[in-house]
Amino acid sequence: MTAEHYSLVGDIGGTNARFALVGQGSIEPEAIEVLHCRDYENLDQAVVTYLKRVGMASVRQACLAVASPLRGTRVTMTNNHWRFDIEAVRQVFGWSAFKVINDFIAMALGVPHVSDANLVHVCGGPGDPGRPKLVMGPGTGLGVSGLVPIRNGWVPLVTEGGHVDFAPTDDTEMDVLRLLRSRFGRVSVERILCGPGLLNLYQAHAEIRGVAAPLDAPEKITAAAVDASDALAGEVLRHFCEMLGRTAGNSALTLGSLGGVYLCGGMLPGFLDFFLGSPFREAFVAKGRMRPLMEFTPVYVVTEPYTGLLGAAEALGNSEV
C-alpha cells in the first residue's frame, strides 16, 4: 500500500515513544518502533526519525496517545520535556487529521482488542460483559480509565482516578501517610501505587522500622522481592499489591465495573508470579456486604505490550473520542 493508505499511531510516555502504522480499515499496528524520548528535542523530530526508519515519506493522518492531561491544542508532557501544538504539528506534516488522546484512554480503547492469550486471570467470576469495564495500571504514575458500553461499542472515560486521597486502614499505613505527608503535603494513591511510589513505600517502611533502605530504584525493589534476597523488599511489594487490590476494588465499586477489571502497563508483568501469589485478591474482594459482588467481578492482568497502540488505532475511527 502507498502512503495515503496508512495512518500513524503512537503511545508516548515519560520515557519511550512507541510508533506504528495502521492500514486503512485496520487497527493492527505494523512496523512498531520504540524511540527514547530523551534522544529527541521534540515530537516532530521523533516522527521524522520514525517515518525514515520504516521507509514511509508521509501518512494521511495520525492519532497519538500521550501521558498528559489535555486542554486545548497545547500539549505539555507530564514526565518528559516535549511540548507541542496539535494544529501546528498537523500542518507541518500535512496530515488530514491529527487526534491526540490521553494515554489511559488509549489503554481503555485497546483492551477490547487484546487477545485472550494476553489476559491473565487474577480472580473473580464471569462478570457481566454488558456492564462497564475498569482499566487501571501502575507505571510512571497510576492511570485509571473505564469503558461504558453503548449500542455499537464503548465510550472511554477520562479520569484522574490515580489522584484520589490515600486512605490508610491500619496503624502502619497511618505512619506511611504521616511520613509521605511530611514530604509531599497531600498524599494521593499515586504517591504509592506506581514505580516511584513503590520506592516511596519502601523508604517509608524502612524509616518506620528504623532500618536501612539500600535499594534506590523500583526495579531493584521488585527484583529483590522476587528472588527473596531482601526481606523488607518482599514485605513492601506484598503491601503494594494489597493496596493496589484495595484501590482497584474501590474504583470497581464506584464505576460498577462488573464487566471486569483490566490491570495494564509494564509494571505488573515484570513480577507476575509474585503478584498472583500476593494479597491483591483478598484486598480486592474484602468489601463487607459487597464481597459477593466483588467475587463475581473478573480481574485480569493485561500482558499485551502494545495495548496503547491498539487503542490509538481504535480512536482514529471512534467518533466518541
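## A buried isoleucine

Isoleucine 192 sits in the loop that runs between α4 (171-184) and α5 (195-209). The model is a predicted one. With a relative accessible area of 1%, isoleucine 192 is buried, because buried means under 20%.

Beyond its neighbours within four places in sequence, isoleucine 192 is in contact with Phe166, Val176, Leu180, Gly197, Leu198, Leu201, Phe240 and Met243.

## Salt bridges around α4

The whole structure contains eleven salt bridges. One of them joins aspartate 165 to arginine 186, with 2.9 Å between the closest N and O atoms. Aspartate 165 is in the loop between β11 (153-158) and α4, while arginine 186 is in the loop between α4 and α5, so the pair ties together parts that are 21 residues apart in sequence. Aspartate 165 counts as exposed at 53% relative accessibility, and arginine 186 as partly exposed at 48%.

Another salt bridge pairs aspartate 175 with arginine 178, where the closest N and O atoms are 3.7 Å apart. These two residues are three apart in helix α4, so about one helical turn separates them. Both are partly exposed: aspartate 175 at 27% relative accessibility and arginine 178 at 46%.

## A link between α5 and α7

The side chains of glutamate 235 and arginine 209 form a salt bridge of 2.7 Å, N to O. Glutamate 235 belongs to helix α7 (residues 231-255) and arginine 209 to helix α5, and this pair links distant parts of the chain, 26 residues apart. Glutamate 235 is partly exposed at 33% relative accessibility, as is arginine 209 at 41%.

## A network

Salt bridges also link Glu173, Glu242 and Arg246 in a network.

Key. Residues are numbered from 1 along each chain as its sequence is written. This is a predicted model: local features need pLDDT of at least 70, side-chain atom pairs count only at pLDDT 80 or more; totals for chains, interfaces and linings use all residues. Side-chain values use heavy atoms; hydrogens and water are left out. Helices (H or I, at least four residues) and strands (E, at least two) are DSSP runs, numbered from the N terminus. Buried means under 20% relative accessible area, exposed over 50%, partly exposed in between (1.4 Å probe, protein chains only). Contact means heavy atoms within 4.5 Å. A salt bridge is a side-chain nitrogen of Lys or Arg within 4 Å of a carboxyl oxygen of Asp or Glu.
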